[in-house]
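Subject: Handover of a structure, with notes

Dear colleague,

Please find below the structure that I am handing over to you. My notes on it follow, and I would be grateful if you read them alongside the model.

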Amino acid sequence: MATAQTPPPVLRRRLGGLLRHYRKDSGRTLAQAAGILDWDNTRLSRVETGQYQIKADEVSTLLQEYGLGDAETIAEVTRVIGSGHRAWWAAYADVLPQAYADLIALESDAVTIRCYFPQLIPALLQTPAYAHAIISSSPRAATQKTATALVQVRQGRKEILTRPAGPTELRTVIDESALYPRAGSASDLMRDQLLSLLDMAERENVTLRVMPLDAPLHSGLTSNMTIMDFRHPWPALAVVDHTRGGVFLEEPEDVAAFTEVFDAVCETALPTDESRNVIKKYLKGTPHG
């Protein structure tokens, strides 16, 4: 269980990585940096790999010794130390793999999220009924058993888009094929989902585009992708989603590659106004009318 002194594992790893980056930029060896706090090399090494906890005042001391004099940047870096409060998803720890919990922690901290999931409505825009249909379709008995809890988690994730203070900006592309009613689904399932999409598309922080059925082949077809941007100085990262959470890619060249693909997907998709019109046609049952 997280405490006020224990940020989520993924945030500890990112904090450690940022400290390592600033240490190397300052030209200090591990031994020299450890000496600033009267630590041994092993302790600082474990901090830099996210295995060991560090206090906010210790982070501040290191950053100042590394030559980082920007008070706002120091405050943002040390903020993560206090992010270990009991998050809402801790109540679902028995059904959430660590990678999934890490994904939620990152989403909660993101300023902007760009995502594309071929043939599916993105999780952050799914209604409870749609999410339940997707989750309960899993062949794994364990997933079916915990479907209700996982749907609740998915709905909880969506709150970052509507929170009063600093809602996350979402930019997404939805395949037109994802707008079709699924065989065997309840008659009102897709209607409610389409209405929800139109409602969310009206929000200033949500940009929604539709990839038309007749769109040319594009590089986004090979993989789902999510790109998250954070407040300075935290680096952006890319996520390839899977049933157990996601693979996190933080190397700048990886993020740049996914950003290039996402930009190409957006250029291929319909503009936002035309996208809303397509959704409205499906809502009326006249997609080609």
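Which residue in E3 is the bridge partner of Asp175? The partner is Met211. Please bear in mind throughout that this is a predicted model.

I begin with the strands around that pair. Strand E2, residues 169-175, pairs with strand E3, residues 206-211, in the parallel sense, and 6 bridges join them. E2 also pairs with strand E1, residues 112-116, again in the parallel sense, here over 5 bridges. Is E2 enclosed by the rest of the structure or open? Of its 7 residues, 5 are buried, so the strand is largely enclosed by the rest of the structure.

The C-alpha trace spans about 70 × 40 × 35 Å along its principal axes. When contacts between residues at least 6 apart in sequence are considered, 73% of them join residues at least 24 apart. As for charge, the chain has 30 positive and 35 negative side chains, with the centres of the two sets 6 Å apart.

Helix H1 covers residues 9-26. At 1.5 Å a residue, its 18 residues should span 26 Å, and because its end C-alpha atoms are 26 Å apart, the model agrees with that expectation. The buried residues of H1 are Val10, Leu11, Arg14, Leu15, Gly16, Leu18, Leu19, Tyr22 and Arg23. Just after H1 comes Gly27, with a positive phi of about 85 degrees.

Arg14, in helix H1, deserves a separate note. Is this residue buried or exposed? Its relative accessible area is 6%; because a residue under 20% counts as buried, Arg14 is buried. Leaving aside residues up to four places away in sequence, Arg14 touches Leu106, Phe230, Trp234, Pro235, Leu237 and Glu250.

In H4 itself, Glu58, Val59, Ser60, Leu62 and Leu63 are buried, and what covers them includes H1, H2, H3 and H5. Gly67 follows H4 and has a positive phi, near 95 degrees.

Finally, Thr127 is found in the loop between E1 and helix H7 (128-136). Thr127 is buried, its relative accessible area being 8%. Which residues does Thr127 touch, not counting residues up to four places away in sequence? They are Gln155, Lys158, Asp192, Gln193 and Ser196.

A colleague

How values were computed:
Residues are numbered from 1 along each chain as its sequence is written. This is a predicted model: local features need pLDDT of at least 70, side-chain atom pairs count only at pLDDT 80 or more; totals for chains, interfaces and linings use all residues. Side-chain values use heavy atoms; hydrogens and water are left out. Helices (H or I, at least four residues) and strands (E, at least two) are DSSP runs, numbered from the N terminus. The expected span of a helix is 1.5 Å times one less than its number of residues. Buried means under 20% relative accessible area, exposed over 50%, partly exposed in between (1.4 Å probe, protein chains only). Contact means heavy atoms within 4.5 Å. Lys and Arg count as positive and Asp and Glu as negative; His and the chain ends are not counted. The place of a charge is taken as NZ of Lys, CZ of Arg, CG of Asp or CD of Glu. Two strands pair if DSSP finds at least two bridges between them.
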